[in-house]
Each structure stands twice: as structure tokens, then as C-alpha cells.
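Please look over the sequence and the structure shown here before reading the notes on charge pairs and strand pairing.

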Amino acid sequence: MTQSDGSDETPGASALGTDASDGGDPHRPFTVPDTARPFRYDGEVRPGEKRQFRYEVSETYLGDPVSVPVTVINGEEPGPRLLCTAAIHGDELNGVKVCQELARRYEPADVAGTLVLLHVVNVPGFQAQQRYIPIYDLDMNRAFPGGSANTASRMARELWDAFVGRCDLCLDFHTSTRNRTTMYHTRADTTNPAVDGLARAFGANVIITGAGDDGSLRKAATDAGIPTVTVEMGKAHRFQPVLVEKALEGVENVMRAYGMRAGPVSWPGWFQTASSSEKAWLRADDGGLVDMHWGPYPLVRAGEAICTVSDQFGREERVVEAPFTGLLVGVLENPVALPGHPLCHLARVDEATADEIEREIERGEFDGYRANGTVWRTGDD
């Protein structure tokens with residue numbers, strides 16, 4: 001746990017914001033030329049140019065193109081190339097809104113370097129409003145860097161060669177799957193200094209650390225030397241304006257930290273990094289109806305009741321308690337469960353962090369969720 005020292009800048013942010021040409025910095029494993037450069041894929045976006053287009057990655061059964069909407073904003077001044085991706089899972093929509101707003105917000109004069117936006121990666125899933133590519137249930141987030149094995153792999157290869165492999169940094173936006181919600185947090189391999197720097201620059205309080213799954217964009221890109229962080233935010237099948245705005249602030253923070261934008265880098269006050277041994281999925285031992293008791297904030301102390309699972313007659317009830325003090329980073333929303341069904345995802349926090357969170361709650365500053373019943377936050381719908 002790291003608490004604020006009263007400064008409004010992330011520790012190390014000034015170093016990230018200086019000359020990017022030092023490829024020997026472990027926090028910045030890329031080199032930026034002294035002059036602005038064109039961004040080349042099958043076409044070219046020159047310095048000072050903004051281009052929006054659809055990039056063909058596959059075909060339908062009818063032979064019609066499957067095309068990903070792309071925005072490339074190439075700044076007039078030299079800087080890194082930052083990639084933002086959304087809807088690798090087709091029903092996860094908050095990131096789609098983030099990319100749309102980024103495309104509206106920035107022009108080439110606003111950016112040093114290049115901002116590349118893949119608005120919808122999994123177009124077939126997005127069109128069907130399904131997590132996976134329809135028919136064969138292919139997970140695009142297990143297909144990177146791509147190949148020729150199946151549709152997902154081929155689509156991933158097209159995007160990798162044209163865009164992912166040409167960028168220096170990547171933020172990959174996700175939400176929870178259907179029937180669950182997730183607290184705003186990031187997932188990153190913080191044992192890698194470059195990834196750790198990117199995650200801290202983004203500024204989410206909670207970072208779940210780990211290498212990621214084989215075939216995920218995060219792991220494939222990081223392994224290829226492109227520091228990548230997954231941003232998890234809210235629910236599938238909807239836009240949540242509070243979380244979208246937080247993510248936009250995070251992207252701005254990253255651009256400031258890496259010298260793509262001028263201005264101070266904001267510091268959230270505390271970080272908590274949780275490894276695989278410091279988090280747990282709590283699962284139902286019995287089938288039944290689920291009543292959530294935690295809240296209105298996602299901090300729970302060891303031994304507190306998170307939920308109960310009861311039979312249809314209300315005669316048998318099993319209380320699910322927190323095995324340790326932590327933050328609920330993922331919670332079931334569908335109030336029915338089968339044995340083994342995940343009920344919540346709990347990330348451990350130390351007592352000092354828990355005390356700091358409680359002080360923020362008392363001051364009205366904690367940016368958690370379920371502050372108003374089952375609503376993400378007061379003012380959210």
C-alpha cells in the first residue's frame with residue numbers, strides 16, 4: 001500500500017515525462033525519434049493528421065467485409081505511440097464509449113506522438129452482443145498475437161500486424177461478463193517495470209498483478225515488449241458514465257506521464273496491488289437464491305457477511321463470510337447460484353490501506369461503487 005505524500009504527481013512521473021529517447025530506461029522500453037513520424041499500416045497517417053476508417057480483418061459467410069473502426073491521431077510533435085482497444089469481448093461496452101470520447105476529444109495539435117484507437121476489436125461479437133465470436137464461441141482474448149488456426153486467430157493477426165505491433169504502449173478496456181459487475185481496477189504484470197509504470201500512471205487504486213492468460217492481448221503484447229494494462233470497469237451491455245469519465249482521466253494521465261500531453265500527473269492517494277495469493281473467488285457451496293449484504297462500499301473486513309445463499313423456502317441458509325479484509329473487485333448480480341458458482345472476487349488489502357479507505361469514505365472521497373443501493377454510484381443509472 002502506498003499513501004499520498006501530499007503531492008499531485010505520481011512518484012516517478014517526472015521521469016516518465018522527460019525525453020523518451022532513452023531506450024535503456026526499464027520503465028520505458030522504447031525509443032522515440034527526435035522528429036514526428038508517420039504511422040504506417042496498409043496506409044499512412046502523417047504527422048499532424050487525424051484519420052478515421054474501417055480496417056478489414058475478415059469476411060462474413062456472404063463474403064462481406066468484417067471491418068474494425070479505427071482512429072489514428074498523429075501529433076505534430078514526436079512522442080510515443082499509445083494504443084487503446086475496446087470490445088475484444090463483444091458485449092463489454094464501456095471501453096467502446098471511452099474510445100469514442102477519446103476520438104472526439106483529441107486532435108493532432110493536442111498530442112505529442114500518436115494515439116491509436118481500435119474502437120471495436122471483436123466486431124462479430126459486438127454485432128451479436130455476445131462475449132465471444134458467434135457460432136464457434138471463439139475468445140478473441142485468447143487468440144493474440146494471432147495466426148491461421150481459426151477466425152479469431154486470423155483477425156487477431158491482422159490487427160497485430162497493422163496496429164498492435166507498431167505501438168509502444170497499450171491500454172485494453174474490459175468490463176465484467178454478463179450477470180456480474182466489477183470494481184474499477186487494472187490488471188498488469190507489475191513484476192515488469194515498464195508495465196508497473198504504465199499501471200501506476202493510469203492511476204486506478206487497485207492493481208491485480210499477474211502475467212495474464214496465454215493468448216490474451218495483455219500477455220502477448222507485454223511479451224513482445226509493448227507494456228500493456230487491462231482496465232476492468234463495471235458491467236457488460238451498457239455505458240456507465242461515471243466509469244467512462246474515470247477511464248478518460250486515466251488515459252489523459254498516461255499521456256501526461258509519457259510526455260504526450262502537458263500537465264501534472266494526478267495521484268489517486270493510495271495503491272493496492274494484489275497478487276494471485278492475495279485474492280480469491282468465493283463460490284457457492286449450495287444452489288439457491290443469493291442475497292448480497294455488503295455495502296454501500298466494497299470494503300469488507302475479515303469475518304463480515306458478504307451474502308447468504310438460501311433455498312426456495314427460506315428454511316436453509318448459508319452465510320458467506322469474508323475470509324480476509326479486502327475489496328470486492330467483482331460481484332455476482334444475478335441472484336441465483338449453482339454449487340461452484342462464483343459469488344464475488346475479493347482482493348486482500350492490508351490494515352493500513354483499509355483504514356485509509358475508511359477515512360476516504362468518511363470524507364466522502366472514496367470512489368467506490370454501490371453507494372446507492374445496487375447502483376454503481378450516486379448519480380449513475
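Predicted model: local features only at pLDDT ≥ 70, side-chain atom pairs only at ≥ 80, totals over all residues.

Residues are numbered from 1 along each chain as its sequence is written, and side-chain values use heavy atoms, with hydrogens and water left out.

**Salt bridges**

- The structure holds 23 salt bridges, each being a side-chain nitrogen of Lys or Arg within 4 Å of a carboxyl oxygen of Asp or Glu.
- One of them joins the side chains of D168 and R37 (3.4 Å, N to O); D168 lies in the loop between α4 (151-162) and β8 (169-174) and R37 in the loop between α1 (13-16) and β2 (39-40), so the pair ties together parts that are 131 residues apart in sequence.
- Helices here are DSSP runs of H or I with at least four residues, and strands are runs of E with at least two, numbered from the N terminus.
- Both D168 and R37 are buried, where buried means under 20% relative accessible area, exposed over 50% and partly exposed in between (1.4 Å probe, protein chains only).

**Sheet**

- Strand β14 (residues 288-292) is joined to β19 by 2 bridges, and two strands count as paired if DSSP finds at least two bridges between them.
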